Amino acid sequence: MQQSPMIQAQDLHYEITNHDNQIRILSGLNLSVANGDQIAIIGSSGSGKSTLLSLLAGLDVPTSGSVQISGGEFSSLSEDGRAAIRAKDMGFVFQSFQLLPALTALENVMLPLQLKSHPKAEVLSIEALARVGLSHRVQHYPKQLSGGEQQRVAIARAFATQPSILFADEPTGNLDSTTGQMIIELLFKMNKEAGTTLVLVTHDITLANRCKRLFKLEHGVLLEMAQV
Amino acid sequence: MILAARLAWSQTISLWRAGALSVLVFALVLAVAAITAVSFFTQRIESALSQQSSLLIGGDLAVLADHSIPDAFAERAKTQSILTTRTYEFASMVIHGESSQLVEIKAVEPNFPLRGHLTIGQHPNDIGQSVQTAPQLGEVWIEPRLATLLDVQVGDQLQVGELSLTVSAILLREPSRGGNMFSFAPRLMMNAADLAATQLIQYGSRVKYQLLLASTPQIISRYSEQAKPTLARGERIDDVRNARPEIKTALDKAQQFLGLSAMVSVVLAMVAMLLSSLPYIKQSLNTFALMRCFGTQQNTVLQILTIQTFIIALFSGLLGALIGFIAQLGLAQLAGSLFVETLPPVSIMPVLIGFMASIGMMVAVVLPHAWQMRNLSAMNILRRDTLSLPLSTQAKYLPAALVMVVMIFWQAQDFNIAVSTIVAMMTLSLIVLGFVYALTYLAQRLLTITPKSSTLASINLGIQGLKRRLGLSTVQMIGFCMGLMVIMLLTLIRGDLIRNWQASLPEGAPNRFVINIQPAQINQVNQFFSTQNIQDAAIFPMVRARLVSKNNQLINTVEWQDERAKRLAEREFNLSWAAQMQTDNKLVAGRWWKNSEHGKPLISLEEGLANSLNIKIGDQLLFDIAGSPLTLTVISLRKVEWDTMRANFFAVTPPGVLDGFAASHISSFHLPIGAEESLNQLVKQYPNLTVIDIAALMQQVRGIMQKMSQAIEYVFVFSLVVGVAVLYAALVATREERVAEATLMRVFGASRKQVSIAYIAEFACIGFISALVASIGANFLAYYISVNILNIPFQFNFSLVVLSVLVAAVLIPLAAWLGLRSFLNIPPRQLLNSI
């Protein structure tokens with residue numbers, strides 16, 4: 001029996017209205033990502049990469065078309081239905097880290113686990129922080145951490161819930177090249193260990209090349225490219 | 001500087017468009033509106049109340065003397081264009097045919113009264129007409145009682161001294177008459193120009209000379225200040241407050257309450273403003289941080305910040321003053337109909353006060369941040385160190401706290417009220433802080449339990465939210481607490497104050513005094529009470545005595561500075577005796593006598609009198625009673641409610657002490673409608689009895705209290721609105737951060753229900769703690785203010801505590817959730833972009 005793809009997007013359309021103008025971001029986009037696959041989506045600024053990522057992650061709904069996760073309908077579910085799947089299966093790493101300033105590193109990592117009432121939220125979070133090399137910074141607040149450290153906390157948070165899919169939106173976009181390189185190594189190392197399906201959005205072609213498959217988003221359509 | 005001004009203007013516009021200013025400006029406008037409206041309103045009401053009260057003495061101010069008033073007083077008034085009129089009051093006999101009667105003559109000039117009017121009619125039962133003039137030359141007006149006693153009608157002649165005068169009207173109502181309810185002889189009013197011809201005033205005659213004055217409150221107040229130092233022996237100045245003690249108490253309390261409400265509005269509005277300044281500060285600091293990075297000079301940044309502060313303060317001040325003015329117009333429109341006269345015009349002062357407050361508050365909020373930015377390098381700013389260094393959180397609030405303290409002192413205009421408010425606010429903050437720490441500890445414990453149920457997990461998350469935002473949660477809770485506390489405090493005090501007024505003059509309050517009752521007539525008077533079914537009418541004995549010495553030291557009033565003490569010591573005391581203390585008296589020092597002490601030379605004094613004359617428990621007082629000495633030891637001090645209209649005494653002895661002295665008796669009672677004729681019969685049977693009708697006076701006092709109650713209600717409603725606004729500001733203060741958190745929770749898969757539960761749990765804790773602390777605080781503060789400042793009894797209101805805690809613990813989370821709900825329906829991606 002053929003296994004369903006982990007992520008399946010069919011005929012995705014996304015339009016926004018700005019000052020009475022219809023702006024088409026995605027027009028009839030199709031994508032299929034197998035379990036454990038690693039894909040990179042590249043494209044120029046404003047091409048709709050982040051929008052595509054948020055539709056695949058259920059953070060927003062398409063104007064038309066559908067997204068399926070593990071063969072199950074996803075984009076047509078209610079907001080809470082999609083949230084439940086995110087809680088179960090997905091992890092996120094954002095360009096701007098998205099750490100809560102009032103929470104310590106540990107509390108930030110614990111948050112998604114607590115939402116799932118995980119009995120070992122604290123233990124798992126400490127372990128995750130150890131894996132990203134931040135055992136000594138667990139009680140620090142985001143503003144006491146460097147940019148690279150903040151992104152490592154975000155990675156620890158993403159992997160702490162052991163997700164099936166990791167969405168990474170320009171994970172090195174806010175970091176210098178050396179730190180960015182370290183973060184990428186860490187991200188791919190952890191992804192490999194966990195066997196997670198990775199959807200990476202970036203404009204950095206070198207980073208994109210680390211993934212198994214490479215897509216370019218242009219004029220609202222996704223084109224699979226050969227590795228450069 | 002021009003560049004700075006231009007940049008300040010464009011940035012203010014941008015901040016406004018971005019919505020970073022809206023809540024701040026809203027709170028600031030509200031604060032200014034509250035300050036100006038309450039200030040406008042209380043000022044107008046206060047002067048209206050004073051005007052209303054001026055009617056009761058016939059002028060705004062009175063110079064009184066036991067000798068002819070020196071011309072200097074009238075001349076000084078003339079130079080300041082103050083209206084004046086002179087009156088002369090003394091007791092004398094008048095004769096009609098075979099009958100004669102002791103009367104209280106009041107000779108007045110043609111322009112009497114300067115304020116208010118007299119009501120005259122053609123016969124005692126006439127409805128009458130209002131006049132603002134004196135009797136013509138050769139004419140007199142007499143009270144209905146005198147007409148009955150002498151059987152005189154309009155047109156009859158009365159012999160007044162050497163002059164025969166025509167009764168041209170019955171004097172039905174003389175507002176200024178109410179002041180001295182023990183003026184037992186009936187009134188006869190005549191023209192002052194006839195006075196000399198009567199030859200009644202001779203050397204040594206006891207005459208009360210009075211110069212009445214009327215002008216604007218400012219001029220009157222200035223005159224009073226200037227004239228007071230020139231007063232000689234036997235002269236004094238009375239304004240309405242000390243001329244009419246029963247009105248004074250009510251007026252003072254009303255004024256204190258209005259002041260309190262105004263102060264509360266200001267404090268609340270400031271709290272609201274502080275709470276809502278947080279998002280603005282954050283946004284503007286970010287902008288300035290960027291400007292510094294782009295190379296803008298430190299001074300330019302500070303200039304821009306200063307100009308921006310003033311733009312916001314002036315704009316909000318203008319809008320607030322306008323709203324305040326409109327609000328008070330509405331209030332004045334409502335209240336205006338309650339007053340006899342139209343409300344006095346508004347002054348510019350409240351607008352200036354509003355502007356000053358607006359600038360003061362803005363500067364207080366911005367100053368610490370400007371100070372903070374001064375020492376920051378561009379790198380600090382890039383790393384957003386601005387918000388954490390180098391000033392501590394407490395220090396940031398210091399200027400605002402100082403401005404608040406100044407405002408409290410300025411508004412309260414009473415050291416005790418101001419200090420008790422500040423102490424209460426500080427205690428409240430400390431208690432809230434204690435609760436937050438306790439809950440944080442609880443949250444920490446809960447964290448280790450980590451329950452299986454997702455609902456419990458969400459509640460747990462919510463309670464931990466308190467800890468996550470420890471600083472903000474505390475500030476927010478203090479905001480809620482203050483809002484709730486003042487709402488409850490004003491509810492409690494306002495209720496007590498109004499109830500107390502109503503209770504002091506219930507429908508069945510005494511409306512007649514009977515004096516000169518001789519011992520042999522007591523039975524007949526009591527019989528009259530029982531046949532008329534008059535309850536609650538006691539007859540008190542009265543012996544007139546003069547205080548001679550205290551602890552063997554002669555009372556030498558010439559050396560005394562205090563006018564009140566002088567007057568009290570010089571006048572004759574009415575000593576009474578009683579086995580039990582009157583129910584409306586309260587023992588404040590010493591003890592009441594036992595039955596075994598009856599006949600012992602002891603005395604109980606009224607507290608105020610004892611204080612004025614510096615008399616303490618245990619002091620020996622020597623009295624002169626009709627030439628006989630009597631030494632009494634002070635055993636207790638009592639507080640007396642003078643405004644109950646009941647017969648009360650400064651000095652009371654145990655039964656048996658005054659047996660050897662001639663006593664007359666006094667009684668106060670409520671005469672039912674329709675019983676007037678039988679009272680007249682009683683008086684005809686015993687002509688020595690003097691009945692004093694205080695029904696009209698009571699009506700006046702009731703009217704004033706009623707009006708003041710209504711004024712208080714209006715101001716209370718206004719303070720209530722500000723109280724609700726502070727609650728709103730407390731809610732929105734942390735909304736931005738909470739939306740960010742809720743969004744991230746949703747990205748990580750929290751359902752809307754989970755987010756809602758966590759949110760509601762956190763706010764339920766905040767609501768519960770705030771309401772609990774607030775209601776306990778409000779009751780304590782209300783107790784303190786009632787008992788020590790307003791001098792009204794206080795009752796702890798347990799049901800209010802329970803009710804408010806329950807309501808706040810439900811309503812606050814509900815309101816908070818309603819505010820968040822709209823964000824829960826927005827896709828997280830859109831919110832992620834904005835956080």
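How many of the eight residues of helix H1 (residues 49–56) of chain A are buried? Eight of the eight are, so H1(A) is largely enclosed by the rest of the structure. The structure is a predicted model, and the values below are computed from it.

**Confidence**

The model scores ipTM 0.77 and pTM 0.60. For chain B the average pLDDT is 78, and 81% of the residues score at least 70. Among the elements of chain B, strand S6 (residues 139–142) has the highest mean pLDDT, 94. The lowest mean, 54, belongs to helix H11 (residues 378–382) of chain B. Two stretches of chain B fall under 50. In residues 178–183 of chain B the pLDDT stays under 50, and the model has 13 contacts for them beyond four places in sequence. Residues 386–391 of chain B are also below 50, with 15 contacts in the model beyond near neighbours in sequence.

**Helix H1 of chain A**

The buried residues of H1(A) are A:Lys49, A:Ser50, A:Thr51, A:Leu52, A:Leu53, A:Ser54, A:Leu55 and A:Leu56. Just after this helix, A:Gly58 adopts a positive phi of about 75°.

**Contact between the chains**

Chain A puts 24 residues into the contact, and chain B puts in 28 residues. On the side of chain A that touches chain B, the elements giving two or more residues are helix H2 (79–89) and helix H3 (105–115) of chain A. H2(A) supplies the largest share of that side, seven residues. By class, the residues on this side of chain A are 14 nonpolar, four polar and six charged.

**Helix pairs**

Two packed helices are described by the angle between their axes and the distance between the axes.

| Helix pair | Axes come within | Crossing angle |
|---|---|---|
| H3(A) and H4(A) (residues 121–131) | 9 Å | roughly 125° |
| H5(A) (residues 147–160) and H6(A) (residues 177–194) | 10 Å | roughly 10° |
| H3(B) (residues 71–79) and H6(B) (residues 217–227) | 11 Å | roughly 145° |

The axes of H3(A) and H4(A) cross at roughly 125°. That angle makes H3(A) oblique to H4(A). The crossing of H3(A) past H4(A) is right-handed. From H3(A), the residues A:Ala105, A:Leu106, A:Val109, A:Met110, A:Leu113 and A:Gln114 take part; they meet A:Ala121, A:Glu122, A:Leu124, A:Ser125, A:Ile126, A:Ala128 and A:Leu129 of H4(A). This contact of H3(A) with H4(A) consists of ten nonpolar, two polar and one charged residues.

For H5(A) and H6(A), the axes cross at roughly 10°. H5(A) is therefore roughly parallel to H6(A). On the H5(A) side the contact is made by A:Gly147, A:Gly148, A:Gln151, A:Arg152, A:Ile155 and A:Phe159, and on the H6(A) side by A:Thr179, A:Met182, A:Ile183, A:Leu186, A:Leu187, A:Met190 and A:Ala194. The classes in the contact of H5(A) with H6(A) are eight nonpolar, four polar and one charged.

In chain B, H3(B) and H6(B) cross with right-handed geometry. Their contact involves B:Phe73, B:Arg76 and B:Ala77 of H3(B) together with B:Tyr223, B:Gln226 and B:Ala227 of H6(B). Four of these residues are nonpolar, one is polar and one is charged.

**Chain B and one residue in it**

Chain B has 25 helices and 22 strands. Of its 835 residues, 46% are buried. Among contacts in chain B with a separation of 6 or more, 84% join residues 24 or more positions apart.

B:Leu820 lies in helix H24 (residues 798–824) of chain B. Is B:Leu820 buried or exposed? B:Leu820 has 20 other C-beta atoms within 10 Å, and the cut-off for a buried residue is 20 or more, so B:Leu820 counts as buried. Not counting residues up to four places away in sequence, B:Leu820 touches B:Arg738, B:Val739, B:Ala742 and B:Tyr759. B:Arg735 is 85 residues from B:Leu820 along the chain, yet their C-alpha atoms are separated by 7.7 Å.

Note on methods
Residues are numbered from 1 along each chain as its sequence is written. Chains are lettered from A and ligands numbered from 1 in the order in which they are written. This is a predicted model: local features need pLDDT of at least 70, side-chain atom pairs count only at pLDDT 80 or more; totals for chains, interfaces and linings use all residues. Two residues are in contact if their C-beta atoms, placed from the backbone, lie within 7 Å. Helices (H or I, at least four residues) and strands (E, at least two) are DSSP runs, numbered from the N terminus. Ala, Val, Leu, Ile, Met, Phe, Trp, Tyr, Cys and Pro count as nonpolar, Asp, Glu, Lys and Arg as charged, and the others, Gly among them, as polar. Axes are lines fitted to C-alpha atoms, for helices over the stretch in contact, and angles run from 0 to 180 degrees between N-to-C directions. Angles under 35 degrees count as roughly parallel, over 145 as roughly antiparallel, 65 to 115 as roughly perpendicular and the rest as oblique. A crossing is left-handed if the near helix is turned anticlockwise from the far one by less than a right angle, and right-handed if clockwise. pLDDT is the predictor's confidence in each residue, from 0 to 100. A residue is buried if 20 or more other C-beta atoms lie within 10 Å of its own, exposed if 12 or fewer, and partly exposed in between; C-beta atoms are placed from the backbone.
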